[in-house]
Amino acid sequence: MSFSLTKNKSGVVVVGVDGQLIVGNRQDLKQKVLDALDGGARKFVIDFTKTGYIDSSGLGVLVSLSKKIREQGGDLRLAGLNEDLQTLFELTKLDTLFAIAKTPAEALAAF
Amino acid sequence: MPLRLDVRPSATGGESDFELALDVPSDLGYVGPAVELIADRFKGGVLSPRRVRFNLRTALAEALANAIAYGNRHDPRRLVHVRVEAGRDAVHIHVTDAGAGFDPAVVPDPTLPGRLEREDGRGLFVLRSLVDHVAFSAAGNSICLTLRAG
């Protein structure tokens with residue numbers, strides 16, 4: 001499990017979540033995104049294409065990051081959720097808080 | 001401390017029946033490895049790969065995190081005990097901590113408008129959404145998750 005950060009030509013940071021986003025690694029993701037925010041990045045896509053599962057702590061860190069990014073005038077979008085993860089966002093009503101795109105490419109195009 | 005999974009055939013003796021036991025230290029860093037150790041035992045078993053990948057892993061991670069954080073309060077002297085009974089019809093996962101227990105009825109609904117933007121408070125809700133049945137011990141320090149076969 002790991003997180004990868006890449007910045008495209010338009011300055012959008014794409015964060016890949018490989019494996020899981022759970023209580024044991026959420027702080028690592030949070031710190032990486034906050035470091036990029038401190039470094040001036042304002043547009044973020046979290047790519048869940050390679051993610052097996054997300055627990056409530058992982059959901060919580062996304063809520064917290066989204067708030068912090070918005071406070072800095074930025075935007076956080078989610079992409080690549082499989083059917084189960086999409087259902088998780090719907091059950092928790094977090095689909096109403098986040099802009100969710102089917103693919104990272106769609107999320108990037110929406111900025 | 002390395003995690004050690006105890007695997008034994010079930011007392012009921014069915015071919016697909018087995019029992020697992022695992023003690024997990026009260027450190028959230030153990031949640032991921034403990035979940036993988038248990039989920040690996042269900043390859044080709046009574047639960048579909050999709051339900052193992054998502055429902056079992058997520059629900060078990062929630063139960064372990066709750067037991068470590070709220071039950072054992074991260075106390076390194078306390079362990080969380082996991083016992084899994086896998087049968088032909090269902091899998092039962094018991095997660096027990098050494099805490100004083102809690103009343104699940106008083107946990108607020110995290111989907112209410114005033115709570116939606118909170119970082120915490122979704123664990124029990126997520127857990128209940130992903131398994132077929134949830135039961136608590138009378139003391140409130142042990143939870144049993146049931147996933148029916150399929």
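## How the terms apply to this predicted model

Student: What makes B:V24 count as buried or exposed?

Tutor: B:V24 has 0% relative accessibility, and the word buried is used under 20% relative accessible area, exposed over 50% and partly exposed in between (1.4 Å probe, protein chains only); B:V24 therefore counts as buried. This is a predicted model, in which local features need pLDDT of at least 70 and side-chain atom pairs count only at pLDDT 80 or more, while totals for chains, interfaces and linings use all residues. Residues are numbered from 1 along each chain, chains are lettered from A and ligands numbered from 1 as they are written, and side-chain values use heavy atoms, leaving out hydrogens and water.

Student: Where does B:V24 lie, and which residues does B:V24 touch?

Tutor: B:V24 lies in strand β2 of chain B, where a strand is a DSSP run of E with at least two residues and a helix a run of H or I with at least four, numbered from the N terminus. Contact means heavy atoms within 4.5 Å, and, not counting residues up to four places away in sequence, B:V24 touches B:L3, B:Y30, B:A34, B:L64, B:I68, B:L79, B:V80 and B:V82.

Student: How do you know that β1(B) and β2(B) are paired?

Tutor: Two strands pair if DSSP finds at least two bridges between them, and four bridges join β1(B), residues 6-9, to β2(B), residues 18-25, in the antiparallel sense. One of the partners of B:L20 is B:V7, and in β3(B) the bridge partner of B:L20 is B:V84. β2(B) and β3(B), residues 79-86, are likewise antiparallel, with eight bridges.

Student: Why are β1 and β5 of chain B called edge strands?

Tutor: Six strands of chain B form an open sheet with antiparallel pairing, in the order β1-β2-β3-β4-β6-β5. β1 and β5 (133-136) each have a single partner strand, so one side of each is left without a neighbour in the sheet, and both stand at the edges. Neighbouring strands are turned by 15° against each other on average, direction ignored.

Student: What does α2(B) touch in the sheet?

Tutor: α2(B) packs on the sheet by touching β2, β3, β4 and β6 (142-148) of chain B, and its direction makes about 175° with that of β6(B). Such angles run from 0 to 180 degrees between N-to-C directions, and the axes are lines fitted to C-alpha atoms, for helices over the stretch in contact.

Student: How do α2(B) and α3(B) pack, and in which hand do they cross?

Tutor: The axes of α2(B) and α3(B), residues 123-130, are 9 Å apart, at an angle of about 150°. The crossing is left-handed, a word used if the near helix is turned anticlockwise from the far one by less than a right angle, right-handed being the clockwise case. α3(B) also lies across β5 and β6 of chain B, running at about 130° to β5(B).

Student: How many aromatic pairs does the structure hold, and what makes the pair of A:F89 and A:F98 edge-to-face?

Tutor: There are three aromatic pairs over all chains. A:F89 and A:F98 are 6.0 Å apart, centre to centre, with 80° between the planes; rings of Phe, Tyr and Trp (its six-membered ring) pair within 6.5 Å, and planes under 30 degrees apart count as stacked, over 60 as edge-to-face and the rest as tilted, so this pair is edge-to-face.

Student: How do you know that the charge of A:R77 sits over the ring of A:F111?

Tutor: The charged end of A:R77 is 4.8 Å from the centre of that ring and sits over it, the rule being that NZ of Lys or CZ of Arg is within 6 Å of the ring centre and within 35 degrees of the ring normal.

Student: Are B:R57 and A:D18 buried, exposed or partly exposed?

Tutor: B:R57, in helix α2 of chain B, has 14% relative accessibility and therefore counts as buried, with contacts that include A:Y53 and B:D40. A:D18, in strand β2 (residues 12-21) of chain A, has a relative accessible area of 38% and is therefore partly exposed.
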